[in-house]
Amino acid sequence: MSLLCVGSVALDSIETPFGKRDRILGGSATHFSIAAAFFTPINLVAVVGQDFPQEHLDFLKSLKIDLKGLEVAEGETFRWEGRYGFDLNNAETLATYLNVFADFQPKVPEAWQQPEHLFLANIHPDLQRDVLNGVSRPKFVALDTMNFWIEGALDSLKQTIELVDMIVINEAECRQLAKEASLLKAARTIQSWGPKTVVAKLGEYGALLFHGEQIFSAPGFPLEQVMDPTGAGDSFAGGMMGYLAQLDGAPQFEDLKQAVILGSVMASFNVEDFSCDRMRRLNAAEIKQRYQDFQDLAHFQPAAESLFA
Ligand code: AMP
């Protein structure tokens with residue numbers, strides 16, 4: 001079992017109705033890896049600048065995240081500045097500074113070049129493809145992306161999408177990418193490009209899984225307090241892939257359903273505090289309990305036949 005991930009490792013500046021934080025630990029690969037590391041060891045390929053604080057490196061190393069593929073390059077770390085209003089489902093990007101990612105050439109360490117599972121977290125689709133092309137074909141490859149790349153690198157993104165088994169994407173970006181108003185039609189369009197599985201994230205309302213012809217709906221977990229939704233999508237993907245990496249062979253629909261619920265569990269914790277702070281305090285017993293709570297939340301009895309008589 002091995003899970004390789006490429007994506008951004010970032011310093012984020014975030015403003016939500018509940019607070020403001022500057023230069024906190026963020027990035028798609030960071031949130032992904034921290035969530036996935038609860039289930040499986042991660043090999044991380046990314047780049048940071050010389051300004052990246054040692055304490056963050058120490059924290060990541062303290063988890064099951066191998067940083068052999070994390071390059072420290074001359075220059076500044078990737079930075080993202082975002083703001084949320086009371087509708088926490090929609091981030092407003094204030095600024096994106098690619099910094100060291102602008103010239104990054106991902107190098108997958110030789111020992112990692114036969115991964116069983118690969119996650120291409122949100123980053124330039126060229127870099128995603130470089131990593132995919134630099135390894136022997138994994139058993140299962142998944143990808144995340146966002147409007148920034150749909151608007152700025154669509155051709156490259158489509159080339160990458162053709163090569164993956166699953167795409168995990170938020171619902172607005174799913175419609176934008178497929179140019180379809182109906183989420184079902186959008187998912188079907190993206191499936192026709194290559195991926196058998198499309199997961200559309202619906203923010204606080206949960207997620208929809210499209211696998212071949214089959215569809216599964218997962219609820220969002222009702223939370224009293226969402227402090228910072230940043231990284232919800234990445235920790236969702238981390239929970240999914242962390243679980244799938246434990247399985248042999250290509251995942252079946254039932255496996256993917258469980259993975260979506262574990263993704264929802266991990267995302268629901270991640271948003272309870274800024275950056276990765278809730279994940280620092282999280283333990284396996286809490287994860288188990290929330291999985292059970294999800295089961296209770298979505299369970300219902302079959303209707304009595306007499307109802308339709
Ligand atoms: P999420 O909230 O899960 O969609 O992802 C949030 C994380 O993605 C933040 O921690 C950012 O650092 C990172 N991010 C934002 N924009 C980009 C981008 N254009 N490319 C890669 N990562 C990004």
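The 25 positive and 41 negative charges of the protein chain have mean positions 2 Å apart. Lys and Arg count as positive, Asp and Glu as negative, with His and the chain ends not counted; each charge is placed at NZ of Lys, CZ of Arg, CG of Asp or CD of Glu. This is a predicted model, so local features need pLDDT of at least 70 and side-chain atom pairs pLDDT 80 or more, while totals for chains, interfaces and linings use all residues. Residues are numbered from 1 along each chain as its sequence is written, and side-chain values use heavy atoms, leaving out hydrogens and water.

On to the salt bridges. The whole structure has 15 of them, a salt bridge being a side-chain nitrogen of Lys or Arg within 4 Å of a carboxyl oxygen of Asp or Glu.

One of them joins Arg175 and Glu171, at 2.5 Å from N to O. Both sit in helix α6, residues 171-178, four residues apart, so about one helical turn separates them. Helices are DSSP runs of H or I with at least four residues, numbered from the N terminus. Arg175 is partly exposed at 29% relative accessible area, and Glu171 is partly exposed at 26%. Buried means under 20%, exposed over 50%, partly exposed in between, with a 1.4 Å probe and protein chains only.

Next, Arg290 and Glu272 form a salt bridge at 3.1 Å, N to O. Arg290 lies in helix α11 (284-298) and Glu272 in the loop between α9 (253-270) and α10 (277-281), 18 residues apart. Arg290 is buried, at 11%.

Conventions: Helix = DSSP H or I, 4+ residues; strand = E, 2+ residues; numbered from the N terminus.
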